[in-house]
Amino acid sequence: MTLQCSWGNNLARYVSRNNRYSPGKSDGSRYDFPGGTKNRSKGKRRIRLNPIFLTVCIILVLLIAGLCIWLAQPKANSLSSESGIPLPFADGAPFASNGQILICYNEPEVLALDASGKELWKLQIDFQPNKIEVSETLAAAYDNTNLAVFDCNGKLLFKKPLLAKLDKVVCARASIGILTQNAQEKSILVVFDSSGNEIKTLDFNTERILNFGFATELEDSLWTLVIDTEVAPVSKINTYNIKKDSLTGVTTIDGQIPERIEYKNNLIYVLGTNNLMTYDLLGVLQANQLVYGWRIQDIFWTDDKKAIFAYVPRKEGGNADSFNTVRILTLPDGEASFNLPPLCFGVFLSKDRLFCITESTMYAFDQNGGEMKKYDLGTPATEAYSVFGGKNLILQKTDGMYLIKMPE
């Protein structure tokens with residue numbers, strides 16, 4: 001009995017000394033009996049952060065986040081170290097291009113340049129032209145009363161002083177058409193061969209001619225756009241076979257004036273004020289798309305004989321030459337519209353992209369409006385012109401004219 005009490009007293013004193021350990025605690029603590037290992041939990045220490053250290057860390061996190069966002073955005077790449085090749089003619093001087101050469105006037109000479117800006121040849125003429133036209137093989141420089149025709153290798157073919165006012169010249173593969181207006185304001189269309197021999201003349205008495213051109217895919221067939229002034233205004237597109245001297249087709253357009261006509265892939269593309277239409281060569285309507293309120297900005301002809309049209313809003317006023325929306329059409333029913341950067345003044349198409357030109361930047365988009373890249377133009381630009389079949393642009397800048405290659 002004495003031994004039991006002694007053992008119980010010893011146990012009570014032990015538990016009193018170690019009262020932090022109790023059976024059944026949620027932290028898993030247990031009793032430590034004599035001779036056993038103690039298992040005491042240590043108290044947690046509170047960490048105090050230095051306010052300066054915390055502020056520096058927040059700033060670093062914000063800087064890294066900003067850097068990541070900046071890196072994810074499209075960058076303005078420079079198109080070249082000079083942002084273009086300087087061209088040897090001034091703002092306002094005439095120029096024209098086909099897919100191979102650029103022909104321009106730098107007084108007193110007509111110059112031909114390749115796509116790198118290298119001079120290919122030059123030809124001196126005795127008048128100052130205000131316009132230049134070029135086809136695959138022939139070119140013409142002219143003013144109101146003088147005409148010089150030469151081939152694309154720089155050989156002068158013929159020159160003609162004209163008594164009537166010269167309104168327009170169009171070059172084909174082997175012929176040249178000139179539209180003149182006499183003192184009675186009567187229009188006469190004359191077609192010459194490459195030696196200067198007259199091969200066809202069209203007088204317009206009851207009709208007013210608005211435009212003309214050559215359908216080069218149809219062996220230099222000639223087309224004219226006319227309005228009959230004696231009846232209700234109806235536009236007609238007449239097609240002529242120059243060699244056979246015969247009328248081969250008439251296409252009638254009601255209710256609007258065609259602003260541009262293209263003969264391509266055995267179709268007639270009529271770009272009107274209200275509609276974009278295609279006709280076959282017999283004058284039968286093939287496709288029709290409403291474009292009222294829009295004007296054509298560019299056309300791209302694909303290798304598989306399709307056409308892509310870029311339209312921008314038709315507007316008037318102080319900012320009529322800039323736009324912030326584009327509409328992409330492919331007949332018969334393909335269409336996409338999207339917004340452009342502010343103050344865009346040029347839109348140019350390629351096979352799968354659209355390029356938008358502003359004063360300082362060229363933007364590349366896919367044809368659904370997804371932005372792909374930006375290109376820095378260097379010196380501010382005010383105008384842009386497509387040359388070399390859409391492979392290059394001429395930029396009119398505040399310090400001169402520059403040639404740039406379109407990104408691939």
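Glutamate 335 is partly exposed, with a relative accessible area of 46%. In this predicted model, the side chain of glutamate 335 meets that of arginine 327 in a salt bridge, with 2.8 Å from N to O. Arginine 327, by contrast, counts as buried because its relative accessibility is 9%, and buried means under 20%.

A search of the whole structure finds 7 salt bridges. Three of them, including the pair above, are listed here.

| Salt bridge | N to O distance |
|---|---|
| Arginine 327 and glutamate 335 | 2.8 Å |
| Aspartate 126 and lysine 159 | 3.0 Å |
| Arginine 173 and glutamate 136 | 3.7 Å |

The salt bridge between aspartate 126 and lysine 159 joins the loop between β6 (119–124) and β7 (131–134) to strand β10 (residues 156–161), so it ties together parts that are 33 residues apart in sequence. Aspartate 126 is exposed at 62% relative accessible area, while lysine 159 is partly exposed at 40%.

Arginine 173 pairs with glutamate 136 in a salt bridge. Arginine 173 sits in the loop between β11 (165–171) and β12 (175–181), and glutamate 136 in the loop between β7 and β8 (138–142), so this pair ties together parts 37 residues apart in sequence. The relative accessibility of arginine 173 is 37%, which counts as partly exposed; glutamate 136 is exposed, at 57%.

The surface also carries a nonpolar patch formed by Ile52, Val56, Ile59, Leu60 and Leu63, with about 500 Å² of accessible area together. Isoleucine 59 belongs to helix α2 (residues 51–72) and is partly exposed, with a relative accessible area of 46%.

Technical notes:
Residues numbered from 1 in each chain as written. Predicted model: local features only at pLDDT ≥ 70, side-chain atom pairs only at ≥ 80, totals over all residues. Heavy atoms only, no water. Patch = residues over 30% accessible without salt bridge, like charges linked within 9 Å, V, L, I, M, F, W, Y side chains within 5 Å. Areas by Shrake-Rupley, 256 points an atom, 1.4 Å probe, with all protein chains shown as cover. Salt bridge = Lys/Arg side-chain N within 4 Å of Asp/Glu carboxyl O. Helix = DSSP H or I, 4+ residues; strand = E, 2+ residues; numbered from the N terminus. Buried < 20%, exposed > 50% of the residue type's maximum accessible area, 1.4 Å probe, protein only.
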